[in-house]
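Let's take a walk through this protein together, one step at a time. Keep the picture open beside you as you read.

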Amino acid sequence: MIYYTKSYNILKQHVFSFFNNDKKYIGKILINKFNDVITILYIVVLPEYRGQNIGKTMINHIENDDLFVDVKKIILSVEEFDDKFGKLEKFYKKIGFTKT
């Protein structure tokens, strides 16, 4: 079981910080929302928690947040220099997103 806190940074981006049952930090998702479009700017899962479906669980949690009400489009930010091995793109495809 994981839980999250939601806050905002100085750029008014939504920051979702995730913790395990022991209240240990396990990851973060940064989101920008403009009207009915959400951009997931980045998702980070600490190395020791990778490969346990934590990233998918984090995405599922935020998709159920009030922030996603009336959202018509989700943009996933995948920068080539950040994803040199294609892991992030593969992750997004694995959890059901498609490249357009």
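The largest nonpolar core of this predicted model has 21 residues, and the members that touch the most others are Phe18, Ile29, Ile31, Ile40, Met58, Ile59 and Ile62. Which elements give two or more residues to this core? They are the strands S2, S3 and S4, together with helix H1 (54-63) and helix H2 (87-94). Setting aside neighbours within four places in sequence, Ile59 is in contact with Ile29, Ile40, Ile43, Phe91, Ile95 and Phe97.

Now let's follow the strands. S2 (14-19) and S3 (25-34) run antiparallel and are joined by six bridges. Within this pairing, Phe16 stands opposite Ile29 in S3. The two strands form a hairpin with five residues between them, and Lys23 in the turn has a positive phi of about 65 degrees.

Not counting residues up to four places away in sequence, Lys24 touches Phe18, Phe19 and Tyr49. The C-alpha atoms of Lys24 and Ile2 are separated by 9.7 Å, although these residues are 22 apart along the chain.

The structure also holds one aromatic pair. Phe19 and Tyr25 form this pair, which is edge-to-face, with 6.0 Å from centre to centre and 70 degrees between the planes. Phe19 is buried, with a relative accessible area of 18%, whereas Tyr25 counts as partly exposed at 32%. The two fall on either side of a cut-off, because buried means under 20%.

Next comes the step from S3 to S4. These strands pair in the antiparallel sense over eight bridges, and the bridge partner of Ile31 in S4 is Ile40. S3 and S4 also form a hairpin, here with two residues between them, and Asn35 in the turn has a positive phi of about 55 degrees.

Our last stop is Thr39, found in strand S4 (residues 37-45). Why does Thr39 count as buried? Its relative accessibility is 17%, and the limit for buried is under 20%. Leaving out residues up to four places away in sequence, Thr39 touches Leu30, Ile31, Asn32, Ile75 and Ser77.

How values were computed. Residues are numbered from 1 along each chain as its sequence is written. This is a predicted model: local features need pLDDT of at least 70, side-chain atom pairs count only at pLDDT 80 or more; totals for chains, interfaces and linings use all residues. Side-chain values use heavy atoms; hydrogens and water are left out. Helices (H or I, at least four residues) and strands (E, at least two) are DSSP runs, numbered from the N terminus. Buried means under 20% relative accessible area, exposed over 50%, partly exposed in between (1.4 Å probe, protein chains only). Contact means heavy atoms within 4.5 Å. Rings of Phe, Tyr and Trp (its six-membered ring) pair if their centres lie within 6.5 Å; planes under 30 degrees apart count as stacked, over 60 as edge-to-face and the rest as tilted. A nonpolar core is a set of buried Ala, Val, Leu, Ile, Met, Phe, Trp, Tyr and Cys residues joined through side-chain atoms within 4.5 Å. Two strands pair if DSSP finds at least two bridges between them.
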